[in-house]
Amino acid sequence: MSLPRCALLWARLPAGRQAGPRAAVCSALGAHLGPLPGAPGRGVPALAASSASGGSKAPNTSLFVPLTVKPQGPSADGDVGAELTQPLDKNEVKKILDKFYKRKEIQKLGADYGLDARLFHQAFISFRNYIMQSQSLDVDIHIVLNDICFSAAHVDDLFPFFLRHAKQIFPVLECKDDLRKISDLRLPPNWYPEARAIQRKIIFHSGPTNSGKTYHAIQKYLSAKSGVYCGPLKLLAHEIFEKSNAAGVPCDLVTGEERVTVDTDGKQAAHVACTVEMCSVTTPYEVAVIDEIQMIRDPARGWAWTRALLGLCAEEVHLCGESAAIDLVTELLYTTGEEVEVQNYQRLTPISVLDHALESLDNLRPGDCIVCFSKNDIYSVSRQIEIRGLESAVIYGSLPPGTKLAQAKKFNDPSDTCKILVATDAIGMGLNLSIRRIIFYSLIKPTINEKGEKEIEPITTSQALQIAGRAGRFSSQYKEGEVTTMNREDLSLLKEILNRPVDPIKAAGLHPTAEQIEMFAYHLPDTTLSNLIDIFVDFSQVDGQYFVCNMDDFKFSAELIQHIPLSLRVRYVFCTAPINKKQPFVCSSLLQFARQYSRNEPLTAAWLRRYIRWPLLPPKNIKDLMDLEAVHDVLDLYLWLSYRFMDMFPDASLVRGLQKELDGIIQDGVHNITKLIKISESHKLLNLGSLSPESQSRLSGSLKSQARRMRGTKSTGSKAVEPPGPGSGDAGGLSLASRLVQQGLLTPDMLKQLEREWLTQRTEHSKDGTESAAYSKGTRRKKKEPNSD
């Protein structure tokens with residue numbers, strides 16, 4: 001018999017007869033087996049007092065996902081507990097466990113260890129299943145259960161074993177203090193020792209759109225011995241890259257999907273233009289420019305501006321942006337001991353808000369830009385403009401950069417017949433456009449807040465100023481700008497929005513690093529990456545000047561590839577890849593790329609061609625165009641990953657060639673977009689008569705004005721509404737039904753119901769003469785199939 005087994009047999013001798021040997025053997029057993037989680041007796045509260053963890057805030061225990069602990073099968077050494085005592089009566093054990101669960105003292109004790117009512121219940125269910133389903137138990141818990149059965153121990157003596165099991169299924173309970181330290185984000189300036197080692201000069205160039213603030217910062221950048229430009233968009237980084245090299249200042253380009261080195265030998269230039277996420281916080285520069293610094297408050301990307309602001313190693317850091325960011329930037333840099341010099345700029349050209357709305361597309365003039373906040377509105381407006389014999393350029397966010405530039409060039413060209421622009425707020429930054437008048441088609445825009453919740457609200461003053469400021473730019477052919485709305489009832493709201501003071505920015509975004517997530521995973525090795533992020537954000541502690549950015553897109557990707565075997569660092573990189581989760585093909589491509597990577601199968605250009613079914617045909621309708629845009633995003637994803645995993649994505653240059661060719665196909669499609677819309681409309685691939693939820697909710701002047709119009713309609717007596725038909729268009733290019741939807745008097749569901757009723761009435765009327773005889777003979781009319789029309 002082994003030493004532990006012999007020792008246990010001795011330990012079970014009656015205390016009166018073998019007190020000395022029992023103590024000695026138990027001591028030896030403890031040295032051999034290590035400390036037991038508890039011993040028979042009532043000393044548990046003292047244990048709780050010594051190990052209960054403190055914390056500044058109670059964690060959200062709903063994020064703790066229980067792990068599975070399998071019941072024990074037969075032991076190779078036999079059931080030692082049963083040998084020492086006797087086999088357990090499972091019915092009696094179940095009664096003991098139920099009594100244990102119901103004791104208020106035990107529940108209170110569990111709360112001291114972080115087991116709230118929810119966790120306590122889940123832990124107990126798992127603990128009970130483990131006890132009842134195991135064919136053999138560890139000898140320590142077997143003996144305690146046997147003692148309780150024979151009243152030689154108290155039911156409370158189960159608590160150490162219950163707690164041990166609870167920590168197995170909820171490992172976060174074991175390391176809460178360590179997790180709090182890892183997720184402590186209260187001193188971000190200390191993360192950048194290279195920047196703290198120098199005394200930086202900070203200049204804030206503050207002013208509205210078209211005030212020259214960025215121009216003055218770029219002049220400093222170009223005259224410096226070395227510099228970095230950090231912009232919010234690839235288009236802006238490209239613009240500075242080209243402008244710098246054209247001025248004789250060699251400059252490289254770095255974006256998530258592209259690296260361009262101007263030196264033929266591959267040597268890095270002293271100047272670099274990059275997207276803000278890609279800036280280096282270890283490379284020393286003489287001058288750094290951070291554009292659109294107000295985006296430090298962005299719920300998803302704000303962390304990149306915070307990192308650049310606190311971490312860039314530059315003797316001079318020039319910030320360009322709205323005055324709303326001055327106070328926050330000053331406070332953040334106060335903690336680094338750096339002062340902020342503010343230079344204020346005024347708009348270079350005048351801009352005025354008109355006293356009348358456009359009201360009809362018949363009133364369009366050359367240089368007009370209609371700003372929409374949904375693709376459906378873009379398509380609808382473009383189609384109506386084409387009906388009037390006018391030509392329009394189209395710019396929206398999901399278009400490739402090359403196509404955006406081509407459409408901008410077409411609109412800006414004085415010799416081109418295209419004089420109207422239809423665009424989303426994508427024109428707010430990054431494009432030089434010759435716009436005379438901005439026309440807001442709607443003032444409602446869907447947004448995502450810090451919590452990841454979708455909100456449909458009027459645009460903010462900052463957004464309105466950014467968009468309106470594109471009219472009458474200093475470098476364009478129009479030296480004065482005008483702003484108005486499409487609908488009369490929106491005009492007063494626009495004026496109100498533009499006249500409000502811009503709310504000062506209160507906090508800057510932060511983001512956990514890969515190293516922090518790896519440390520979290522070390523403590524919680526069986527937790528999914530998505531769940532790790534949730535727990536990290538919940539445990540994180542930030543100062544009042546910061547917030548943790550929304551990570552829903554990251555979590556979406558993490559859940560998408562969770563089942564694929566990847567190392568944590570590789571998984572983290574895949575999850576940070578920028579994808580549009582509304583595009584199914586892009587999401588499935590991320591999944592496919594990760595699967596290929598996990599198999600150690602390189603993703604060659606030949607493989608990618610087969611995957612996207614190259615060559616691609618020109619689009620025949622809007623759906624085809626959207627599919628091509630998704631393929632362009634997939635090629636972007638490949639290029640983004642190729643700079644992180646060069647061996648597994650080896651053909652970046654070949655894929656860039658494919659992307660350039662695809663860009664040309666998409667440009668041709670957008671050039672003929674009104675033709676595509678017309679074909680799509682005729683094939684019912686688009687429903688241009690019914691507007692998007694955002695447009696239906698257009699804040700015309702609030703719900704009161706809608707109610708007044710509704711009352712007016714009722715009072716005058718409304719006529720039956722005909723659904724839109726081939727000849728139902730009015731002089732304005734919209735059917736009566738469409739205009740009622742646009743005005744908020746009808747919803748799409750109401751419109752469909754009216755259409756069904758109208759079709760039913762028409763059918764009954766046409767059949768009235770032919771079927772009246774059948775009715776008179778008592779013949780039941782057969783009901784018409786709903787889809788027969």
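Which residues point one way from β3 and which the other way, and are they buried or exposed? In this predicted model, C251, L253 and T255 point one way from β3, D252 and V254 point the other way, and all of them are buried.

**Strand β3 and its partners**

- Strand β3 spans residues 251–255 and is mostly covered, with 5 of its 5 residues buried.
- Strand β5, made up of residues 271–275, runs parallel to β3 and is joined to β3 by 4 bridges; within this pairing, V254 has C274 in β5 as its bridge partner.
- Strand β4, made up of residues 258–260, pairs with β3 in the antiparallel sense over 3 bridges, and here the bridge partner of T255 is E258.
- The two strands β3 and β4 form a hairpin, with 2 residues lying between them.

**Packing of helices α5 and α7**

- Two packed helices are described by the angle between their axes together with the distance between the axes.
- For helix α5 (residues 90–102) and helix α7 (residues 117–133), the axes come within 11 Å and cross at roughly 165°.
- Because angles over 145 degrees count as roughly antiparallel, α5 and α7 are roughly antiparallel to each other.
- The crossing of α5 and α7 is right-handed.
- On the α5 side the contact is made by K90, V93, K94, L97, D98, F100 and Y101, which meet F120, H121, F124, F127, R128, I131 and M132 on the α7 side.
- Sorted by class, the residues in this contact of α5 with α7 comprise 9 nonpolar, 1 polar and 4 charged.

- K225 is placed in the loop that lies between α12 (213–223) and β2 (227–231).
- The relative accessible area of K225 is 74%, and because a residue over 50% counts as exposed, K225 is exposed.
- When its neighbours within four places in sequence are left aside, K225 is in contact with A270, H271 and E286; of these contacts, H271 belongs to the residue range 271–275 of strand β5.
- K225 and V287 are 62 residues apart along the chain, yet their C-alpha atoms are separated by 8.2 Å.

Key
Residues are numbered from 1 along each chain as its sequence is written. This is a predicted model: local features need pLDDT of at least 70, side-chain atom pairs count only at pLDDT 80 or more; totals for chains, interfaces and linings use all residues. Side-chain values use heavy atoms; hydrogens and water are left out. Buried means under 20% relative accessible area, exposed over 50%, partly exposed in between (1.4 Å probe, protein chains only). Contact means heavy atoms within 4.5 Å. Axes are lines fitted to C-alpha atoms, for helices over the stretch in contact, and angles run from 0 to 180 degrees between N-to-C directions. Angles under 35 degrees count as roughly parallel, over 145 as roughly antiparallel, 65 to 115 as roughly perpendicular and the rest as oblique. A crossing is left-handed if the near helix is turned anticlockwise from the far one by less than a right angle, and right-handed if clockwise. Ala, Val, Leu, Ile, Met, Phe, Trp, Tyr, Cys and Pro count as nonpolar, Asp, Glu, Lys and Arg as charged, and the others, Gly among them, as polar. Two strands pair if DSSP finds at least two bridges between them.
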